[in-house]
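Q: I have a new structure open and would like a plain walk through it. Can we begin with the sheet?

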Amino acid sequence: MSSQPYQSSQPCQSSQSSQASRTVPQAPSNSKVVLITGTSSGIGLAAAVAAGQAGWRVVATLRNPGRADALRTAAAEAGVELDVRRLDVVDEDSVAAAIDGVIADYGRLDAVINNAGAGHLGTLENESVADVREVMEVNFFGVLHVSKAALPHLRAAGGRLITVTSVGGVVGQPFNEAYCAAKFAVEGFMESLAPVAARLGVKVSVVEPGAVATEFVNNLGVDLEAEVAAAGPYADTLQAYLDRTVAQFLGSNAQTPAEAAEAVMEALEADRPAFRIQTSDWARGFTGTKLSDLDGSAVLGLTGEWVG
């Protein structure tokens, strides 16, 4: 089965040449600087615009700056100026170049929002271990690359490290085995890092969205009918899951990206942000099922209903 490409892999201008010709957006000298990954659409785009409106200097990054049209349009409509740069979270050299460029241009980095990621639809028997590794590379190791490069600067600023995970980082979900494994890993890593980072002045939070309108349907990047046809003995179960999930992402429980980004802004601006922040009442109820489920029966009873 298939993964969502988290951004296009088309070639871009090199980091060195783009830095040499860059015009750095002007902002008040006391403005704090936030770097956000995965800003071409969805929550990342909405968070970049919201942070700009709140007075932050926003370095909005994406793998392919050629896909920044929607971001630039949204920023212009909101009356904010963003510094759009390339950052490929799975390329350590790209990450280092982006972080170094921010420090060179602004002299500080006060917050990082790890938002870049990729969806994945699949179950173990029908996919390769290499497929699973690819999901982990983007959704888990990509977060680690950015966080590791940023931490020295966040320590210097007494800053914030925020990661957009998912309710799938708390509750395992059918046909999301690799995706949920990656998001579970991110949450466990950040939950473990949080008290250590706090001792050195860095606040760590994870933001857990539920369904965000149209994202599953539009961004998964697969032919759902073809996936069912190729699912073999899993076809009926996959169809039941898809019927439920598409309805969820198009239904009343789905949020807009801007609504979900409000929780990101809470993590960015609250005096004492929580470690775990859900983006909606539905997400709070859903994750609460797991967090109070000592033997696992409540979660498996719930998700078992999704597949027939």
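This is a predicted model: local features need pLDDT of at least 70, side-chain atom pairs count only at pLDDT 80 or more; totals for chains, interfaces and linings use all residues.

A: There is an open sheet of 7 strands, in the order β4-β3-β2-β5-β7-β8-β9, and the pairing is parallel. Strands (E, at least two residues) and helices (H or I, at least four) are DSSP runs, numbered from the N terminus. Two strands pair if DSSP finds at least two bridges between them.

Q: Which are the edge strands?

A: The edge strands are β4 (83-86) and β9 (276-278), each of which pairs on one side only. Direction ignored, neighbouring strands of this sheet are turned by 20° against each other on average.

Q: Which helix packs on the sheet?

A: Helix α11 (residues 281-291) does, touching β8 (203-208) and β9. The direction of α11 makes about 135° with that of β9. Axes are lines fitted to C-alpha atoms, for helices over the stretch in contact, and angles run from 0 to 180 degrees between N-to-C directions. Contact means heavy atoms within 4.5 Å.

Q: Now helices. At what angle do α2 and α10 cross?

A: Helix α2 (residues 42-53) and helix α10 (residues 257-269) cross at roughly 55°, with axes that come within 8 Å. The two are therefore oblique to each other; angles under 35 degrees count as roughly parallel, over 145 as roughly antiparallel, 65 to 115 as roughly perpendicular and the rest as oblique.

Q: Which residues make the contact?

A: Among them are Ala46, Ala47 and Ala50 of α2, and Ala261, Val264 and Leu268 of α10.

Q: Different topic. Where does Phe175 lie, and is it buried or exposed?

A: Phe175 lies in the loop between β7 and α6 (177-199). Phe175 is buried, with a relative accessible area of 4%. Buried means under 20% relative accessible area, exposed over 50%, partly exposed in between (1.4 Å probe, protein chains only).

Q: And the whole chain?

A: The protein chain has 12 helices and 9 strands, and buried residues make up 52% of its 308 residues.

Notes:
Residues are numbered from 1 along each chain as its sequence is written. Side-chain values use heavy atoms; hydrogens and water are left out.
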